[in-house]
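Subject: Structure for you to look at

Hello,

Here is the structure I promised to pass on. Please open it and keep it beside this email as you read.

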Amino acid sequence: MKTKAENYVSIEFLSRSSNEGFARMAAAGFAAQLDPTLEELGDIKTAVSEAVTNAIVHAYPDALGKIVMRMRIMENHVLELSVRDYGCGIADVEQARQPLYTTGGEERSGMGFTIMESFTDRLTVRSVVGRGTTVTMRKQISQRISTKK
């Protein structure tokens with residue numbers, strides 16, 4: 001059963017490293033309507049940063065490409081974030097999700113998926129070699145009790 005989005009936005013940008021900060025702030029701005037705590041906001045920004053950086057570094061290692069980020073507000077204060085690239089894809093998703101595994105050289109930690117998973121409630125990775133990768137993350141945002149009279 002599909003869950004209907006209460007609100008959504010989709011943005012597209014080039015795989016330039018300078019756009020990683022933009023993606024973080026866009027996600028934080030969109031999530032603000034749920035009134036997240038500072039910790040939740042930090043979690044969202046960190047997860048988005050990792051997903052976008054993975055697309056920039058791994059999907060398009062030798063050229064610029066398109067990244068599409070979609071954000072949705074779902075029922076019960078759930079924020080869904082997906083980052084899609086149309087790059088080289090991942091040959092073995094399970095191996096790529098293992099801590100410390102990287103195809104990015106010595107300067108990469110290989111912790112991107114592990115970080116995304118630890119800062120969100122659910123992480124799904126779908127990839128087709130030669131066609132790209134979609135990373136989808138869900139985060140439950142706590143509902144705070146209003147103290148306004």
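A salt bridge is a side-chain nitrogen of Lys or Arg within 4 Å of a carboxyl oxygen of Asp or Glu. Keep that in mind for the charged pairs below. Please note that this is a predicted model.

**Salt bridges**

How many salt bridges does a search of the whole structure find? The search finds four. Start with E20 and R24, whose side chains meet in a salt bridge at 4.0 Å, N to O. Both residues sit in helix α1. They are four residues apart there, so about one helical turn separates them. Are they buried or exposed? E20 has a relative accessible area of 19%. Buried means under 20%, so E20 is buried. R24 has a relative accessibility of 24%, so R24 counts as partly exposed.

Now go to E80. E80 forms a salt bridge with R72, and the closest N and O atoms are 2.8 Å apart. Both E80 and R72 are buried. E80 also forms a salt bridge with R138, where the closest N and O atoms are 2.7 Å apart. This second pair links distant parts of the chain. R138 is buried, as is E80. Shared partners join R72, E80 and R138 into one network of salt bridges.

Why can such pairs form at all? Side chains of opposite charge can pair when their charged atoms come close.

**Helix α2**

Next, find helix α2, residues 38-59. α2 has 22 residues. From its first C-alpha to its last it reaches 31 Å, close to the 32 Å expected at 1.5 Å a residue. Its buried residues include E40, D43, I44, A47 and V48. What do the buried residues of α2 pack against? Their partners are β1 (7-14), α1, β2 (66-74), β3 (78-85), α4 (112-119) and β5 (132-140).

**How α1 meets α2**

Helix α1 covers residues 18-31. α1 and α2 pack at an angle of about 145°, and their axes are 9 Å apart. The crossing of α1 past α2 is right-handed. On the α1 side, the contact is made by E20, A23, R24, M25, A27, A28 and A31. On the α2 side, it is made by L41, I44, K45, T46, V48, S49, V52, T53 and I56. Which kinds of residue make up this contact? They divide into 10 nonpolar, three polar and three charged. E20 and R24, the salt-bridge pair from above, both take part in this contact.

T46 has a relative accessible area of 24%, so T46 is partly exposed. Leaving out residues up to four places away in sequence, T46 touches R24, I115 and F119. T46 and T120 are 74 residues apart in sequence, yet their C-alpha atoms are 9.6 Å apart in space.

Then try G42, which also lies in α2. G42 is partly exposed, with a relative accessible area of 27%. G42 and A28 are 14 residues apart along the chain, and 8.4 Å separates their C-alpha atoms.

Best wishes

Key
Residues numbered from 1 in each chain as written. Predicted model: local features only at pLDDT ≥ 70, side-chain atom pairs only at ≥ 80, totals over all residues. Heavy atoms only, no water. Helix = DSSP H or I, 4+ residues; strand = E, 2+ residues; numbered from the N terminus. Buried < 20%, exposed > 50% of the residue type's maximum accessible area, 1.4 Å probe, protein only. Contact = heavy atoms within 4.5 Å. Axes fitted to C-alpha atoms, helices over the stretch in contact; angles between N-to-C directions. Left-handed = near helix turned anticlockwise from the far one by under 90°. Nonpolar A, V, L, I, M, F, W, Y, C, P; charged D, E, K, R; others polar. Expected span 1.5 Å × (residues − 1).
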